[in-house]
Amino acid sequence: MKRIFFIAILVMTVHYVSFAQTDANNFYKSDNVKMEKVSFLNQYKMKIGGNLFLPEKMETEKKYPAIIVGHPMGAVKEQSANLYAIKMAERGFVTLSIDLLFWGESEGLPRNAVSPDMYSETFSAAVDFLGSRKFVDREKIGVIGICGSGSFAISAAKIDPRLKAIATISMYDMGAANRDGLKHAVTLEQRRQILAEAAEQRYVEFTGGETKYTSGTVHELNANSTPIEREFYDFYRTSRGEYTPKGATPLTTTHPTLTGNVKFMNFYPFNDIETISPRPLLFITGENAHSREFSEDAYKRAFEPKELYVVPSAGHVDLYDRINLIPFDKLEVFFKENLK
């Protein structure tokens, strides 16, 4: 066990050194894609904010396949999701990057609240929106879920057959990550302590006290910072990927509420994942990603057609924005074959 832990630390440290790679391009722009800010209501009449990307040379009267892109947990659409949406629009798809409810330009109070069901509903509402556009073929709508959104997209696809093809990138099972931690490192007693703290905090907030936030990305590094903390810090706390939505503060970006975050304990997105079949699933993960266990677990449980695609030499965050590592060609083939 000690040997395995040492190898993991070594790999993560190597990737931290490589973060300055010039191929990291989260804020990528394209002259071949048109972008339009949009908003629409979900089933509960809550506004969802999104960015609609259209290939520059669209043919009049033609209906196009479309792809919804969900951002990493704790992020907003301007972080990784826009990049994927633009790149896929360059390849001929209508794409829509969305803010999950309670985040970014989508509604929901308190801000940064956690609600797995409402996150999944955001994807179904995006299908409502796209399927109502005259230039979208509503029988050809797929989804890309990045990090936590991978698990939310799967949760949505289990009950929404309109999502015809599902791809996940660096997926986190947000339920398992909070119940058990990476490599099942969280004990039952630690879980109980988290639940007790969140329950007590509900009294504080109910009586007018300040909202308390948890997890997310650290705001500074020190000698004791873990490789995973450093990996996320390099994206979320530097010019590489830092983004603060209007009306928010950098002090709370990436941090969910403590009282809401425990709702992930009841989130089991991979249960019944086999019911998505025969719609295809593509799980993309990095060879050295600390989150790789979640993609492997989902792949093991899913029925055919399915594929686990491991990107050589890539870590978890590498697949957020490193355009020379992200397998856009693979995604293009997957969606063109399955959104016919």
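This is a predicted model: local features need pLDDT of at least 70, side-chain atom pairs count only at pLDDT 80 or more; totals for chains, interfaces and linings use all residues.
1. Eight strands form an open sheet in the order E1-E2-E4-E3-E5-E6-E7-E8, and their pairing is mixed. Its edges are taken by strand E1 (33–41) and strand E8 (306–311), each of which has a single partner strand, so that one side of each is left without a neighbour in the sheet. From one strand to the next the twist averages 20°.

2. The E1 and E2 hairpin. E1 and E2 run antiparallel and are joined by nine bridges, with Phe40 having Ile48 in E2 as its bridge partner. Five residues lie between the two strands of this hairpin, and Lys45 takes a positive phi near 65° there. Eight of the nine residues of E2 are buried, and E2 is therefore largely enclosed by the rest of the structure.

3. Strand E4 and its two partners. On one side, E4 is joined to E2 by four bridges in an antiparallel arrangement, and Leu52 has Leu96 of E4 as its bridge partner. E4 (residues 94–98) is also joined to E3, here by five bridges and with the strands running parallel; in this pairing Ile67 stands opposite Thr95 of E4. As a general point, strands of a sheet pair through backbone hydrogen bonds, in either a parallel or an antiparallel manner.

4. Two helices across the sheet. Helix H2 lies across E1, strand E2 (47–55), E3, E4, E5 and E6, and runs at about 175° to E4. Helix H11 lies across E3, E5, E6, E7 and E8, and runs at about 165° to E6.

5. How H2 meets H11. The axes of H2 (residues 81–90) and H11 (residues 328–338) come within 10 Å and cross at roughly 65°, and the crossing is right-handed. H2 contributes Leu83, Tyr84, Lys87 and Met88 to the contact, while H11 contributes Phe328, Leu331, Glu332 and Phe335.

6. The buried face of H11. Which residues of H11 are buried? They are Phe328, Leu331, Glu332, Phe334 and Phe335. Viewed down the axis of H11, these buried residues fall within an arc of 165°, and they therefore line one face of the helix. An α-helix has 3.6 residues a turn, so residues three or four places apart point the same way. The buried residues of H11 pack against strand E3 (64–70), H2, strand E5 (136–146), strand E6 (163–169) and strand E7 (281–286).

7. Helix H4. Why can H4 be described as largely enclosed by the rest of the structure? Nine of the eleven residues of H4 (residues 149–159) are buried, which is to say that each of these has under 20% relative accessible area. The buried residues are Ser149, Gly150, Ser151, Phe152, Ala153, Ile154, Ser155, Ala156 and Ala157. Among the elements that cover them are the strands E3, E5, E6 and E7, together with helix H3 (116–131) and helix H5 (174–179).

8. Ser295 in H9. Ser295 belongs to helix H9 (residues 292–301), and this serine is buried, with a relative accessible area of 0%. Leaving aside residues up to four places away in sequence, Ser295 touches Met171, Phe283, Ile284, Thr285 and Leu308.

Key. Residues are numbered from 1 along each chain as its sequence is written. Side-chain values use heavy atoms; hydrogens and water are left out. Axes are lines fitted to C-alpha atoms, for helices over the stretch in contact, and angles run from 0 to 180 degrees between N-to-C directions. A crossing is left-handed if the near helix is turned anticlockwise from the far one by less than a right angle, and right-handed if clockwise. Contact means heavy atoms within 4.5 Å. Buried means under 20% relative accessible area, exposed over 50%, partly exposed in between (1.4 Å probe, protein chains only). The arc is that of the directions from the helix axis to the C-beta atoms. Two strands pair if DSSP finds at least two bridges between them.
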